[in-house]
Amino acid sequence: FALFARAARMQSMEGESSARSSSRKESQERATPLLSESTRRRWLDPDLRERPEERNNAVLSTLQLVNTMIGSGILSFAYVFSLTGWAVGSVLLMVFVSLNIVSNLMLLELGAAVGMATGDTSEIIEVAMQSTRMRRVVDVCVALEAFGALLSYTNVMGDLGAVILLRHIPGAYPTVIAVCTVLLAPVCFFRAFGDIAWVSAVSFCFITLTTSIVVAKGALARKAVPAWPTSSVGSVSVLGNYAFAFANQYATHETYASMRPTDRPAIGRAVVASALVGCVLIAAMGLGGLATVGASSNRLASTIIEALNPDLAVTKFLAAITILHLMAYIPNDFIIMRLFLCRFFDVNPLTIPKYRYYLLTFVLLAIPATIMALIPRADVVGAFQLVIALTGSIPIAFGLMFVPIYAFKLVCLDQNKGTDATLFPFLRRHPSLAYGYLVLTALVVIFTPIITVYLFVHDCLTSSCSSFGHRLR
């Protein structure tokens with residue numbers, strides 16, 4: 001029986017691989033390759049595996065999806081709730097939680113509909129929309145999202161280290177960034193996203209501990225938390241924070257492909273559970289942090305740890321474990337950035353020859369660390385909030401939410417393809433979900449960046465760029 005089951009799985013994988021190759025070949029025949037054939041051969045080692053190893057169970061996969069959401073964005077939600085109030089902020093949380101769940105399930109349904117259930121996200125978009133250009137747009141959006149995330153993580157590590165742990169040492173900000181980057185670098189040399197699920201579990205434990213301590217401090221301080229928005233313009237400007245916090249769509253198919261075949265039927269439950277757990281952590285960190293420092297505090301910044309008293313031992317402990325959380329988290333988004341950047345050039349990072357792979361990884365890891373280390377210390381807070389807001393409102397809302405939902409509408413609703421391979425039939429029975437979230441993501445993409453950039457430029461001209469992180473409380 002075991003041999004029969006294995007043979008059936010192998011046959012299914014071969015069929016899906018054949019369908020993927022055939023569909024991509026048809027699409028690529030209409031596209032101009034970015035690299036010559038001889039160049040691509042130099043970036044190919046045929047002895048290396050082309051697909052991720054199927055090794056993770058449902059629990060590890062769920063934790064990896066949760067951890068992909070909970071990076072540095074969670075630290076901004078005390079600031080976010082100070083603008084939106086807890087009532088409106090909670091409604092927005094529910095909206096973006098449901099958007100996360102629906103967009104992820106639609107991506108999985110879309111993959112099954114085009115015969116690429118365990119395929120790559122951007123390749124599925126390419127086949128569904130019959131457009132290599134759209135695949136490359138998604139590749140760029142995901143690479144930019146991950147790059148923006150890496151900038152924010154590096155920023156927070158340097159800021160917490162300089163402000164709280166090494167506050168009296170000159171040049172502490174770039175020093176902390178350099179040391180942390182060197183320490184986390186070895187994990188970034190893993191090739192596949194699913195290979196580091198255990199690191200995601202460690203990162204999840206660190207952020208859960210941080211959140212628990214912040215909630216306990218909020219329960220003791222009991223500062224007033226506003227129910228309603230304190231700034232209507234400011235509330236719109238932080239919609240990018242919500243999109244940033246609930247972005248893990250780029251990792252869904254990578255997680256699915258890395259799951260053991262026997263655990264794959266649980267992917268729907270993993271998606272829902274990860275979104276709900278992420279929502280609980282974000283709400284707890286935001287409301288607990290705001291109850292700790294108060295909405296009117298002049299210390300309230302875009303990162304809640306920085307708003308705490310830096311002289312207290314508990315604040316130093318929180319800063320230390322938050323830095324550890326980010327050090328364990330960064331490899332997640334780094335591997336995703338490298339993956340989609342390589343895909344843009346039709347290169348598979350799993351099959352890049354060893355020495356080219358090491359050089360590429362080193363260069364890509366050094367770029368965000370160098371950029372953030374060069375930012376003037378006085379502008380760090382404003383830079384953090386700007387990066388998160390713009391990353392959430394442009395590449396995430398467009399490339400990870402709008403485009404996949406539109407592709408689902410095109411293939412599964414308009415053309416009604418793949419009904420015999422459906423994973424989540426309720427999505428087809430309720431087309432209003434697709435239309436409603438298309439409108440929502442379009443509004444976020446169009447209006448949020450305009451307001452965000454306007455507020456940032458206004459602060460830079462009238463006060464200082466760093467004041468953007470202390471906006472309109």
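Visitor: What share of the contacts in the protein chain with a separation of 6 or more comes from residues 24 or more positions apart?

Guide: Such residues account for 86% of those contacts. The model under discussion is a predicted one.

Visitor: What makes up the secondary structure of the protein chain, and how much of the chain counts as buried?

Guide: The protein chain has 18 helices and 0 strands. Of its 473 residues, 58% count as buried. The accessible surface of the chain comes to about 18600 Å², and 68% of that surface belongs to carbon and sulfur atoms.

Visitor: Why is R264 called buried?

Guide: Buried means under 20% relative accessible area. R264 has a relative accessible area of 12%, and therefore R264 is buried. R264 is found in the loop between α11 (249–258) and α12 (267–293).

Visitor: Which residues does R264 touch, not counting residues up to four places away in sequence?

Guide: With that exclusion, R264 touches E54, T118, Y256, A257 and M259.

Visitor: Why does L63 count as partly exposed?

Guide: The partly exposed class lies between the buried limit of 20% and the exposed limit of 50%. L63 has a relative accessibility of 22%, so L63 counts as partly exposed. The residue L63 has its place in helix α3 (residues 58–69).

Visitor: How many residues apart in sequence are L63 and S203, and what is the C-alpha to C-alpha separation in space?

Guide: L63 and S203 are 140 residues apart in sequence, and 9.5 Å apart in space, C-alpha to C-alpha. Leaving aside residues up to four places away in sequence, L63 touches A201 and F204.

Visitor: How do you know that helix α4 is not straight?

Guide: At 1.5 Å a residue, a straight helix of 37 residues would span 54 Å. Helix α4 (residues 77–113) spans only 37 Å between its end C-alpha atoms. There is a kink of about 105° in α4, centred on G85.

Visitor: Why is I371 called partly exposed?

Guide: The relative accessibility of I371 is 38%, which lies between the limits of 20% and 50%, so I371 counts as partly exposed. I371 lies in helix α15 (residues 354–374).

Visitor: Which residues make the nonpolar surface patch that includes I371?

Guide: L359, F362, V363, I367 and I371 make this patch of about 460 Å².

Terms used. Residues are numbered from 1 along each chain as its sequence is written. This is a predicted model: local features need pLDDT of at least 70, side-chain atom pairs count only at pLDDT 80 or more; totals for chains, interfaces and linings use all residues. Side-chain values use heavy atoms; hydrogens and water are left out. Helices (H or I, at least four residues) and strands (E, at least two) are DSSP runs, numbered from the N terminus. The expected span of a helix is 1.5 Å times one less than its number of residues. The bend at a residue is the angle between axes fitted to the seven residues ending there and the seven starting there. Patches are made of residues with over 30% relative accessible area and no salt bridge: like charges are joined within 9 Å, nonpolar side chains (Val, Leu, Ile, Met, Phe, Trp, Tyr) within 5 Å. Accessible areas come from the Shrake-Rupley method with a 1.4 Å probe; for residues, only the protein chains shown count as cover. A salt bridge is a side-chain nitrogen of Lys or Arg within 4 Å of a carboxyl oxygen of Asp or Glu. Buried means under 20% relative accessible area, exposed over 50%, partly exposed in between (1.4 Å probe, protein chains only). Contact means heavy atoms within 4.5 Å.
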